[in-house]
Amino acid sequence: MVEPNVASAETTVTSGKTLRRGRSLLLPALLEIQTRDGFISEWAIRMISSELEVPLAEIYGAIEFYDLLTTQQTARKVIRYCTSTICEHAGSRQELTAVCQQLGAKPGTPTENGEYLVGEIQCLGLCDHAPAALVDGNLVANAKASKLDHWLGTNAGSPGYRLGGDARWITSSVGKATPTDLEAYLATGGYHALATALAQSPQSVIDTIKASGLVGRGGAAFPTGLKWEGAAQADGFPKFIVINADESEVGTFKDRILLENDPYSILEGMTIAAYAVGATQGIIYVRGEYQHAQQILSQAIIHAGEAGYLGENICNSGHHFTVQLFSGAGAYICGEETALFESIEGKRGFPRIKPPFPTTHGLFGKPTVVNNVETICNIPVILRKGPEDYRTVGTAKSPGMKLFCVSGDVMQPGVIETPFGITLRELIENWAGGLRDQRTLQAVLMGGAAGAFLTPDQLDIRMTFEDLAALDLSLGSGAVMVFDDTRDLRQILLSVAHFFAHESCGKCYPCQLGTQRQLEILRRIANHTPRVGDIERLQDIGWTMSDSSLCGLGQTAAMAVMSAMDHWPELFLNDLAASDELKL
């Protein structure tokens with residue numbers, strides 16, 4: 001048996017010195033063995049425990065926590081079909097069954113010859129290419145069973161994308177050249193923003209970002225400049241810049257396109273942020289399912305370091321900044337910033353109680369800035385244009401451009417870059433080509449699985465933080481999931497409930513129990529056999545999770561269900577239920 005090479009996990013791509021040894025190498029070591037052997041043996045676990053001085057129980061706990069890790073022997077080729085909302089409604093479960101029939105497999109069980117294993121996985125960030133699959137770490141678009149022989153041998157590569165919109169600020173480099181071609185990036189103005197930043201004081205850079213009005217694009221919409229300022233003023237060293245590229249929200253795929261096609265904008269934005277807050281170390285935490293994106297970023301980090309844009313004395317400025325790529329292992333909760341810290345530190349991805357906040361006590365207890373991929377790609381744009389020019393598009397409270405991910409029953413699903421203020425109608429009808437087969441719109445799920453529904457009579461709402469907030473809605477990550485009149489909304493809600501029940505980390509009881517009870521009730525409703533009082537039960541569960549869950553997962557797990565109860569209470573009743581139940 002080959003000995004697990006724990007030391008090699010430390011070679012995770014970095015532009016300078018490695019972040020640190022010890023427990024933070026746990027997840028990289030486990031992922032390396034999982035990739036090499038297809039599972040993690042007891043012998044390998046004991047070796048890792050001895051080398052890293054991590055208790056066996058905690059290693060087993062980590063393996064159990066992450067979807068991409070297992071102690072069970074799998075197969076030489078593992079096929080995982082996405083069964084989240086958009087892919088499920090594109091027929092992923094039927095395709096999974098058809099593939100199993102072709103290969104002589106049972107779902108979730110290796111074939112007798114050990115050649116294949118076919119199972120399920122949650123959203124893969126390919127909602128614009130549904131149904132999607134993951135084959136040995138490679139993303140497969142439009143994974144139809146009828147073309148199994150073709151895509152089964154697919155090597156790592158980009159599944160492609162469609163960009164729409166009437167301007168290209170954030171995505172200006174996408175599709176223009178080979179993503180890792182640094183010279184091409186420089187030729188189009190790349191790293192001019194960094195030069196502009198280095199010619200100013202760090203506080204001046206922060207003031208520029210504050211003046212731009214930029215807020216986070218990952219869902220929380222916290223003012224970016226204020227976050228940077230908090231970390232800059234915090235005591236403690238070293239300070240960290242962490243890019244949250246754990247894009248796992250159902251219906252969201254914008255960050256994947258930036259990661260795969262514009263890595264230098266991410267690195268440039270990170271380096272500017274590091275200079276502004278006094279950080280010397282950066283980490284890009286990329287979800288484990290995005291293997292191609294990780295390869296692109298790895299090459300870009302090396303090239304940027306060789307050219308002097310990362311590492312020691314960047315551009316002769318006296319500023320030092322190294323960047324390390326860190327792979328997740330399949331856990332939606334790690335998109336929550338403190339759970340992400342726990343993962344990097346070699347633990348289960350449980351969220352932390354706040355306060356203290358990351359800007360003072362973040363990664364390894366040090367001041368940390370966490371920015372989303374789309375957020376950090378705005379930084380070079382702002383430094384090149386200046387905050388006044390940046391604010392010439394969008395609205396006063398939602399300035400700049402936004403990437404929307406439109407999927408579902410539209411003619412042209414894809415990422416649409418447009419100024420804030422566009423209406424939902426324009427987004428769907430003008431840029432996504434309208435509904436397929438000239439169908440009638442039934443509903444739009446805004447913000448992903450953690451979002452809420454909009455109805456056809458709300459199509460003229462402007463896509464801004466303030467307009468949606470006025471209706472107690474959230475823009476979220478910018479996911480726009482469109483459903484026509486042929487879709488069963490009960491099944492959509494069941495899919496959402498299944499997602500949250502699967503992804504709940506289990507740390508707090510309101511979420512752990514609430515997501516399970518919500519799933520049970522919605523399963524009855526999807527089968528048209530609800531019980532009297534199920535509406536009240538769902539409301540109680542929803543309010544409890546929203547008010548008392550530890551993190552955003554539990555706080556938003558019932559949002560889609562609660563909004564559906566407001567819009568379509570009849571969905572939650574048995575056909576023979578008493579009519580006065582609708583009044584509840």
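A residue counts as buried when its relative accessible area is under 20%, as exposed when that area is over 50%, and as partly exposed in between, using a 1.4 Å probe and protein chains only. By that rule T224 is buried, because its relative accessible area is 1%. This is a predicted model, so local features need pLDDT of at least 70 and side-chain atom pairs count only at pLDDT 80 or more, while totals for chains, interfaces and linings use all residues. Residues are numbered from 1 along each chain as its sequence is written, and side-chain values use heavy atoms, with hydrogens and water left out.

Start with T224. This residue sits in helix α10, residues 224–233. Helices (H or I, at least four residues) and strands (E, at least two) are DSSP runs, numbered from the N terminus. Contact means heavy atoms within 4.5 Å. Neighbours within four places in sequence aside, T224 touches I209, L214, V215, G216, N371 and T375.

A pocket is found on a 1 Å grid over the protein atoms alone: it is an open set of points where a 1.4 Å probe fits, with protein on both sides within 12 Å along at least five of seven lines, and lining residues have an atom within 4 Å of a point. The largest pocket has a volume of about 1,300 Å³. That volume is the space filled by probe spheres set on the points, which are joined across faces, edges and corners. Its lining has 45 residues, and G218, G219, A220, G335 and E336 lie nearest the centre. Two or more lining residues come from each of α10, α11 (254–261), β9 (368–372) and α22. By class, the lining holds 13 nonpolar, 22 polar and 10 charged residues. Here Ala, Val, Leu, Ile, Met, Phe, Trp, Tyr, Cys and Pro count as nonpolar, Asp, Glu, Lys and Arg as charged, and the others, Gly among them, as polar.

Now look at G552. It lies in helix α22, residues 552–556. G552 is partly exposed, with a relative accessible area of 34%. In sequence, G552 and A220 are 332 residues apart; in space, they are 9.3 Å apart, C-alpha to C-alpha.

Next comes a sheet. Strands of a sheet pair through backbone hydrogen bonds, either parallel or antiparallel. Two strands are taken as paired if DSSP finds at least two bridges between them. Here 6 strands form an open sheet in the order β5-β11-β10-β14-β12-β13, with mixed pairing. β5 (163–165) and β13 (452–454) stand at the edges; each has a single partner strand, so one side of each lacks a neighbour in the sheet. β5 and β11 (residues 414–419) run parallel and are joined by 3 bridges. L163 has V415 as its bridge partner in β11.

Finally, turn to the backbone. Most residues other than glycine have a negative phi, and most peptide bonds are trans. Where are the cis bonds described here? One runs from A130 to P131, with omega near 0°. P131 lies in the loop between β2 (116–121) and β3 (133–135). Another cis bond joins F237 and P238, with omega about 0°. P238 lies in the loop between α10 and β6 (240–245).

The loop between α13 (291–306) and β8 (322–327) contains N313. N313 is not a glycine, but its phi is positive, about 50°. C315 lies in the loop between α13 and β8. Its phi is near 50°, again positive in a residue other than glycine. N313 is partly exposed, at 33% relative accessible area, and C315 is partly exposed at 39%.
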